[in-house]
Amino acid sequence: MKIAFVGHGNVGAPLADHLQRLGHRVTLAAKDAGSPSVKKALARNANLKVEAPREAVGAAEIVFLATPFQANEEALKGVAEELAGKALVDCTNPVGPGLRHGLESVQSGSERVQSLVPAARVVKAFSIYGFENFENSLYPGYDVKPAMMFCGNDAAAKKAVGELIAQLGWEPLDVGGLEQALHLEHMTLLWVRMVRMGGSSPHVVWAALRR
Ligand SMILES: NC(=O)c1ccc[n+]([C@@H]2O[C@H](COP(=O)([O-])OP(=O)(O)OC[C@H]3O[C@@H](n4cnc5c(N)ncnc54)[C@H](OP(=O)(O)O)[C@@H]3O)[C@@H](O)[C@H]2O)c1
């Protein structure tokens with residue numbers, strides 16, 4: 001698949017790296033091809049492509065958004081047309097002061113993203129755990145895969161994103177429509193509070209058990 005990354009820092013760079021190594025054509029959408037985050041991403045994987053945002057997003061089949069939440073509007077402004085009809089994987093989280101929901105739980109961040117680019121097919125994924133788990137998604141010693149919960153309104157976009165999730169070593173756990181994004185964002189806050197404040201291991205993730 002042709003995949004573009006808008007934002008390639010802690011979250012975007014390892015995901016871009018692993019997806020390229022799985023055989024996808026992965027492009028960093030970069031306003032400044034010489035920025036520190038581009039250089040760092042290329043240092044870990046020199047086979048990543050770098051293109052201007054409109055070019056990268058225009059050529060992609062799936063686009064990842066991995067920017068600071070407050071930068072989303074600016075980051076998406078120039079590529080709204082190119083995103084029309086495409087799956088947009090929203091990895092971003094609105095985190096407010098005191099590790100509360102950044103939109104006061106009135107609206108999810110992903111619904112806000114969807115409102116910025118109405119013609120894109122937003123799927124929230126890769127958002128509920130810290131980046132350490134995107135660097136390395138192996139959890140040896142278990143016979144279940146770690147769960148990656150994701151949600152969105154478009155079935156085809158979710159199918160495509162679910163396949164990427166599985167290729168990256170996770171169990172794709174479709175939790176429903178984009179209205180579920182708010183609840184995933186609260187799961188993020190739970191994880192962040194446990195780990196970044198509470199001292200739990202950053203390598204803790206959840207799995208789905210069924211009977
Ligand atoms: N960190 C985590 O553990 C984690 C886990 C899950 C989800 N998230 C969420 O994922 C998102 C990214 O987090 P991160 O830790 O990866 O952040 P980060 O390391 O700071 O990386 C942010 C990326 O966004 C780019 N960027 C910033 N402003 C931009 C703009 N206006 N237009 C285009 N690109 C812009 C940066 O490029 P430059 O460096 O060139 O400015 C950089 O590539 C956040 O919304 C966060 O809540 C984070």
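**Ligand and pockets**

Guide: A polar backbone atom of N10 lies 2.9 Å from an oxygen atom of the ligand. Keep in mind that this is a predicted model.

Visitor: How far is a ligand oxygen from the polar backbone atom of T67?
Guide: That distance is 2.7 Å.

Visitor: And what about the side chain of S37?
Guide: An N or O atom there is 3.1 Å from a ligand oxygen.

Visitor: How much of the ligand's accessible area does the protein cover?
Guide: The protein covers 71% of the 900 Å² that the ligand has on its own.

Visitor: Which residues come nearest to the ligand?
Guide: H8, N10, V11, T67 and F131, out of 24 around it. By class, that shell has ten nonpolar, eleven polar and three charged residues.

Visitor: Where does the ligand sit?
Guide: In the largest pocket. That pocket holds about 910 Å³ of space. Its lining has 37 residues, with A66, T67, P68, F69 and T92 closest to the centre.

Visitor: Which elements give two or more residues to that lining?
Guide: α3 (53–59), α4 (72–77) and α9 (181–197). The largest share is from α9, with four residues.

Visitor: Switching topic: what volume does the second largest pocket have?
Guide: About 160 Å³. Its lining has 13 residues, and S137, L138, L168, G169 and W170 lie nearest its centre. Nine lining residues are nonpolar, three polar and one charged.

Methods:
Residues are numbered from 1 along each chain as its sequence is written. This is a predicted model: local features need pLDDT of at least 70, side-chain atom pairs count only at pLDDT 80 or more; totals for chains, interfaces and linings use all residues. Side-chain values use heavy atoms; hydrogens and water are left out. On a 1 Å grid over the protein atoms alone, a cavity is a set of points where a 1.4 Å probe fits but cannot get out, and a pocket is an open set with protein on both sides within 12 Å along at least five of seven lines; lining residues have an atom within 4 Å of a point. Grid points are joined across faces, edges and corners, and a volume is the space filled by probe spheres set on the points. Ala, Val, Leu, Ile, Met, Phe, Trp, Tyr, Cys and Pro count as nonpolar, Asp, Glu, Lys and Arg as charged, and the others, Gly among them, as polar. A residue is near a molecule or strand if one of its heavy atoms lies within 4 Å of it. A polar contact is a pair of N or O atoms within 3.5 Å; within protein, one must be able to donate a hydrogen and the other to accept it, and residues adjacent in sequence count only if both atoms are side-chain atoms. Accessible areas come from the Shrake-Rupley method with a 1.4 Å probe; for residues, only the protein chains shown count as cover. A molecule sits in a cavity or pocket if more than half of its atoms lie within 2 Å of its grid points.
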